[in-house]
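These are my notebook entries on a structure I looked up today. I went through it topic by topic and wrote down what I found.

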Amino acid sequence: MVKARYQLIMPLRKYQKFPGNNRFWCCGALMSSRQVSILIFCAIIIVVVSALFFAFDARFLVVNVEPLGVGVIFPVLGVLGLYFSMSFLFKTGCIDSGILPRALPDEIAYMQSQGDEEPAGSGRTLGAPARYKTVQHMGQKVKLKWCVTCNLWRPPRASHCGLCNNCYENFDHHCPWVGNCVARRNYRYFYLFLTTIAVTGVYMMACNITVIVLASKKMGFGDALKTYPGSVIEFCVSGLAVISVSGLSCMHTWLIARMETTNEDIKGTFNPRKQGRTVHNPYRRRNCCLNFLFVICGPFPPRFLSLIVQILYDGEAAHFMSQEQSVYV
Amino acid sequence: MDRRNVRKIFVQRDYSRGTGVRFSTDFPRELTGKVDETTYRTTIENVNQCFDEAEALGCCNVLEGCLACMTGFALHYCFKTHYERCVQDAAKYIQQQNREVYEQRGIILGDPMDRGLRCVSTLYSH
């Protein structure tokens, strides 16, 4: 048997060597956590309920609402609700939510050569980076924690997600319903998704009630329910969605007004009773309106990971540098 | 630059003014004698200003955000965001500074986006 003399080197894309616990689509353009089944379930529920709405309620309301022609507004609002829900769900669940790329070996070696900022205690080798270092941050002293997985000093408000195995900027929480962590880059989409689902759910329930009431005038309540079972199913599903999502939407509205993340709220980072000293939230703006404006319409930070780039497989990942590679002769 | 004589330092983030992107303007002792301290500080400060502009809550940025929100953020599939444009400006400025000022002194400043905006990598010939 003749053995191949040359090994075929297949170019890989960087996302195929990504160390985090993530799933990628479209050659690394889209990403989420490993568990996406609940995200797909949510998307299917939204589409199915919307389909039932257009098939039963929208058709009934277009024909039966007086004056004629005004009923067109119902399917138009339904289309808008479906479009915004799916758009915000996609943007929440399928993008890089603010991953901090892991430090490269040269950076790790430099950080280790800097020595301890604070004495680490027994059991640690001399010269190894300290677990904490104190920095001045907006008039307060803040402790930055060293992430042993990502080999970097976590910026203020950043946190490491154990499920996704990445550090995220402005980490809020890991949401299994959207199959992704909610952090700096997708928090606004997450909040808008919750609000849109709550509003669209209430709208659909109102339409269901209108359909049943109008149909009952013609044929009686029992017959109306039998003739329009789609409205009944929609009402139940929308009701469950509204009950579960409204509470979460209100909680995040309150968090945005206070300019805190869920993580900070749970840990009591700015709670004087838990911290035992005078602390204030330095991220709060002059008023709540500015907080909302910043969160929803504020800057759109880009993703740091360049995962679509092709690398040649050489046994370990090659890292793409813009200028440094051209330095060596 | 000969690879054997190249050393790297990493200019860290300065969090004193907030979580916004800002790099420390402290002059690294490894660059003493290679480049003027004022020149170096001016370069880093100008890079910081690019990112300050990217993260500012100005009228144009808010208007862009509102418009994007009204389209379900589909606008971002067609146009670059203000932040991305500022990041490109910062990268172009660093390249220009490398070409005009630093390369002749045996120093190369790296693009901070390569390091996830954690630090500015600086290569210098030892």
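This is a predicted model: local features need pLDDT of at least 70, side-chain atom pairs count only at pLDDT 80 or more; totals for chains, interfaces and linings use all residues.

I began with A:Met138, which counts as partly exposed because its relative accessibility is 27%. A:Met138 is not a glycine, yet its phi is positive, about 55°. I located A:Met138 in the loop between strand 5 (132-137) and strand 6 (140-147) of chain A.

I then noted a second residue of this kind, A:Asn151, whose phi is positive and near 55° although the residue is other than glycine. A:Asn151 sits in the loop between strand 6 and strand 7 (152-153) of chain A. Its relative accessibility of 23% places A:Asn151 among the partly exposed residues. I kept both entries because most residues other than glycine have a negative phi.

I counted 9 helices and 12 strands in chain A. Of the 329 residues in chain A, 47% are buried. For contacts in chain A with a separation of 6 or more, I found that 61% join residues 24 or more positions apart.

How many disulfides does the structure hold over all chains? I found 0. For A:Cys26, the closest cysteine sulfur belongs to A:Cys27 and lies 7.3 Å away, which is too far for a bond. A:Cys26 counts as exposed, at 55% relative accessibility, while A:Cys27 counts as partly exposed, at 37%.

My search of the whole structure returned 12 salt bridges over all chains. In one of them the side chains of A:Arg157 and A:Glu264 meet at 2.8 Å, N to O. A:Arg157 lies in the loop between strand 7 and strand 8 (159-161) of chain A and A:Glu264 in helix 7 (residues 262-267), so this pair ties together parts 107 residues apart in sequence. I noted that A:Arg157 and A:Glu264 are both buried.

B:Arg22 is buried at 6% relative accessibility, whereas B:Asp52 is partly exposed at 38%.

I also recorded the salt bridge between B:Arg41 and B:Glu37, at 2.4 Å, N to O. These two residues are 4 apart in helix 1 of chain B, which means about one helical turn separates them.

Entry 5, the interface. I found 51 residues of chain B and 50 residues of chain A in the contact. The two chains bury about 4000 Å² between them, with 62% of it on carbon and sulfur atoms. Between chain B and chain A I counted 5 salt bridges. One salt bridge joins the side chains of A:Asp106 and B:Arg115 at 3.0 Å, N to O. I traced a network of salt bridges that links A:Asp106, A:Glu107, B:Lys8, B:Arg115 and B:Arg118.

Several elements of chain B supply at least two residues each to the side that touches chain A, among them helix 1 (37-55) and helix 3 (82-102). Helix 2 of chain B gives the largest share of that side, 8 residues. I divided the residues of this side into 24 nonpolar, 15 polar and 12 charged.

How values were computed
Residues are numbered from 1 along each chain as its sequence is written. Chains are lettered from A and ligands numbered from 1 in the order in which they are written. Side-chain values use heavy atoms; hydrogens and water are left out. Contact means heavy atoms within 4.5 Å. Buried area is the accessible area (1.4 Å probe) that two parts lose on being put together, summed over both. A salt bridge is a side-chain nitrogen of Lys or Arg within 4 Å of a carboxyl oxygen of Asp or Glu. Ala, Val, Leu, Ile, Met, Phe, Trp, Tyr, Cys and Pro count as nonpolar, Asp, Glu, Lys and Arg as charged, and the others, Gly among them, as polar. A disulfide is a pair of cysteine sulfur atoms within 2.5 Å. Buried means under 20% relative accessible area, exposed over 50%, partly exposed in between (1.4 Å probe, protein chains only).
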